[in-house]
Amino acid sequence: MRLTTRTNLAARILMACATNGDRLLRTAEISELCNCSTNHAAHVVQRLHAEGFLTTLRGRTGGIRLARAADQISIGTMFRLFEADIPFAECFDAEHNSCPLTETCRLRSYLERALGAFYHELDMVTLEDLVRGNCGLAKLLAMHPAPPAQCGAELGQGG
Ligand code: SF4
């Protein structure tokens, strides 16, 4: 099992925005922070915006930031939305399924249960859980000069 690059990048972008609070991030900054091309970043930002996770401000001083508080953003919800287009197995896609075992396959129900458990775990995680008190992450993603108060001493050591 492997997450799509798009979902992984969406998580990185949300963490970058959460770390930077009200500080608007530009696509080029996101691209650098998240180690991806500007095209790829722009594409995922567009989707996150369309799904209501991000607010975008256009113009020379524009950029993106979270559309709601980090503790109101469910990682499970985001994963479901971003992974929804890609069926986990062929038989999960009724329209294109050609697996000859579909009618008798027991594996299918176990996969459904395993996937349900996977999302259930992520449903209990918010974006806030990923960034709160994570000074190492703040050190990597914070654009503003002042790091989160609780990380000041740790980040000041340059380690
Ligand atoms: S083998 Fe079973 S789980 Fe795999 S695609 Fe076919 S029906 Fe689905």
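The following legends describe close-up views of a predicted model of a protein chain with a ligand.

**View 1. Overall organisation of the protein chain.** The protein chain contains 8 helices and 2 strands. Followed along the sequence, these elements occur in the pattern α-α-α-β-β-α-α-α-α-α. The C-alpha trace spans about 60 × 35 × 25 Å along its principal axes. The chain has 159 residues, of which 20% count as buried. Among contacts between residues at least 6 apart in sequence, 59% join residues at least 24 apart.

**View 2. The contact of helix α1 with helix α3.** Helix α1 comprises residues 5–20, and α3 comprises residues 38–50. The axes of the two helices come within 10 Å and cross at roughly 75°. Because angles of 65 to 115 degrees count as roughly perpendicular, α1 is described as roughly perpendicular to α3. On the α1 side, the contact involves Arg 6, Leu 9, Ala 10 and Ile 13. These residues meet His 40, Ala 41, Val 44, Val 45 and Leu 48 of α3. By class, the residues of this contact divide into 7 nonpolar, 1 polar and 1 charged.

**View 3. The contact of helix α1 with helix α4.** Helix α4 comprises residues 75–83, and its axis comes within 9 Å of the axis of α1. The two axes cross at roughly 145°, and α1 passes α4 in a right-handed crossing. From α1, the residues in contact are Arg 6, Thr 7, Ala 10 and Leu 14. From α4, they are Met 78, Phe 79, Phe 82 and Glu 83. This contact has 5 nonpolar, 1 polar and 2 charged residues. Arg 6 and Ala 10 of α1 take part here and also in the contact with α3.

**View 4. Asn 35 in the loop between α2 and α3.** Helix α2 covers residues 27–34, and Asn 35 lies in the loop between α2 and α3. The phi angle of Asn 35 is near 55°, a positive value in a residue other than glycine. Asn 35 has 9 C-beta neighbours inside 10 Å. A residue is exposed if 12 or fewer such neighbours are present, and therefore Asn 35 counts as exposed.

**View 5. The surroundings of the ligand.** The residues around the ligand include Ala 89, Glu 90 and Cys 91.

How values were computed. Residues are numbered from 1 along each chain as its sequence is written. This is a predicted model: local features need pLDDT of at least 70, side-chain atom pairs count only at pLDDT 80 or more; totals for chains, interfaces and linings use all residues. A residue is near a molecule or strand if its C-beta atom, placed from the backbone, lies within 6 Å of it. Helices (H or I, at least four residues) and strands (E, at least two) are DSSP runs, numbered from the N terminus. Axes are lines fitted to C-alpha atoms, for helices over the stretch in contact, and angles run from 0 to 180 degrees between N-to-C directions. Angles under 35 degrees count as roughly parallel, over 145 as roughly antiparallel, 65 to 115 as roughly perpendicular and the rest as oblique. Two residues are in contact if their C-beta atoms, placed from the backbone, lie within 7 Å. Ala, Val, Leu, Ile, Met, Phe, Trp, Tyr, Cys and Pro count as nonpolar, Asp, Glu, Lys and Arg as charged, and the others, Gly among them, as polar. A crossing is left-handed if the near helix is turned anticlockwise from the far one by less than a right angle, and right-handed if clockwise.
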